[in-house]
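Okay, thanks for making time, everyone.

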Amino acid sequence: MRNFAISASILSADLSNLAAVAEGLERAGLDMLHFDVMDGHFVPNISFGIPVLEAIDHCTSLFMDVHLMIQDPIRYIPQFAKAGADLITFHVESNSDPQKTIDAIHAMGIQAGIVLRPGTPWEAVRPYLPDVEVVLVMTVEPGFGGQSFLWDMVEKVQKLHDYLTSQQLTCRIEVDGGLNAETAPHIVQAGAEILVVGSYLFRQADPQAAVQLLREKVAHMA
């Protein structure tokens, strides 16, 4: 079985005490923190930005996985990188030129990833796969937490994984949206290596136990 990482989406966390949330997630054995940035234009919601990322980065040593759901991500790459991002993913559907945005991220010395909405075919990112560390497949419509998993995205992940394998490309598949102990094993079996978990994790009384259950379910499915 491939190794997989869990990235906790803090959009679903208690936003009144993010320092404690970040510290608790680190103790719970999470691998990454997923930081959703929304501008109210690319998606119909507004979340948080650079000052919040910088504040959280001072509270934890966890890998910072920053997902830009904004119209023109290339404008903000230096600021997010300097604020603590270790990985920046941006949407292929955004207004920024994908290759120039990838190059701008790498110029800051951090990892780059490209994102697909559910309705965008995986082939849309094929030209960029040799140049990114991560490709993020959305399994819900981006913009809001707590949505139900779109099961037809499993096939999309499988096709993407098959292509990456056939081309001997090393970028990892990340999946975001509706993941829990039921859906995660199927998406890992299809080829995902990074699981973004939000509502499922933060609705549990014991996040550490929830993480352990998720890892066990995935291992059992393999």
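So, start with Trp122 and Tyr163: both are buried, where buried is under 20% relative accessible area, exposed is over 50%, and partly exposed is in between, with a 1.4 Å probe and protein chains only. Before I go on, this is a predicted model, so local features need pLDDT of at least 70 and side-chain atom pairs count only at pLDDT 80 or more, while totals for chains, interfaces and linings use all residues. Residues are numbered from 1 along each chain as its sequence is written, and side-chain values use heavy atoms, with hydrogens and water left out.

Aromatics, then. Rings of Phe, Tyr and Trp (the six-membered ring for Trp) pair if their centres lie within 6.5 Å; planes under 30 degrees apart are stacked, over 60 edge-to-face, and the rest tilted. That rule gives three aromatic pairs. In one of them, Phe35 and Phe48 have ring centres 4.7 Å apart and planes at 35°, so we call that pair tilted. Phe35 sits in strand β2 and Phe48 in the loop between β2 and α2, so the pair ties together parts 13 residues apart in sequence. Both Phe35 and Phe48 are buried. Back to Trp122 and Tyr163: their centres are 5.1 Å apart with planes at 45°, so that pair is tilted too. Trp122 is in the loop between β5 and β6, Tyr163 is in helix α5, and so the pair ties together parts 41 residues apart. Helices (H or I, at least four residues) and strands (E, at least two) are DSSP runs, by the way, numbered from the N terminus.

What lies over the face of Tyr163? Arg126 does, at 5.6 Å from the ring centre. The criterion there is NZ of Lys or CZ of Arg within 6 Å of the ring centre and within 35 degrees of the ring normal.

The cut-off is a side-chain nitrogen of Lys or Arg within 4 Å of a carboxyl oxygen of Asp or Glu. Asp31 is partly exposed at 31%, and Arg215 is partly exposed at 24%. How many salt bridges does the structure hold? Three. Glu141 pairs with Arg117 at 3.8 Å, and Lys159 with Glu155 at 3.3 Å. Lys159 and Glu155 both lie in helix α5, four residues apart, about one turn.

Now the overall fold. Eight strands close into a barrel, in the order β1-β2-β3-β4-β5-β6-β7-β8, with parallel pairing; two strands pair if DSSP finds at least two bridges between them. Look at β7: four of its five residues are buried, so it is largely enclosed by the rest of the structure. β6 and β7 pair in the parallel sense over five bridges, with Val137 partnered by Val175. On to β8: three bridges join it to β7, again parallel, and Asp176 has Val196 as its bridge partner.
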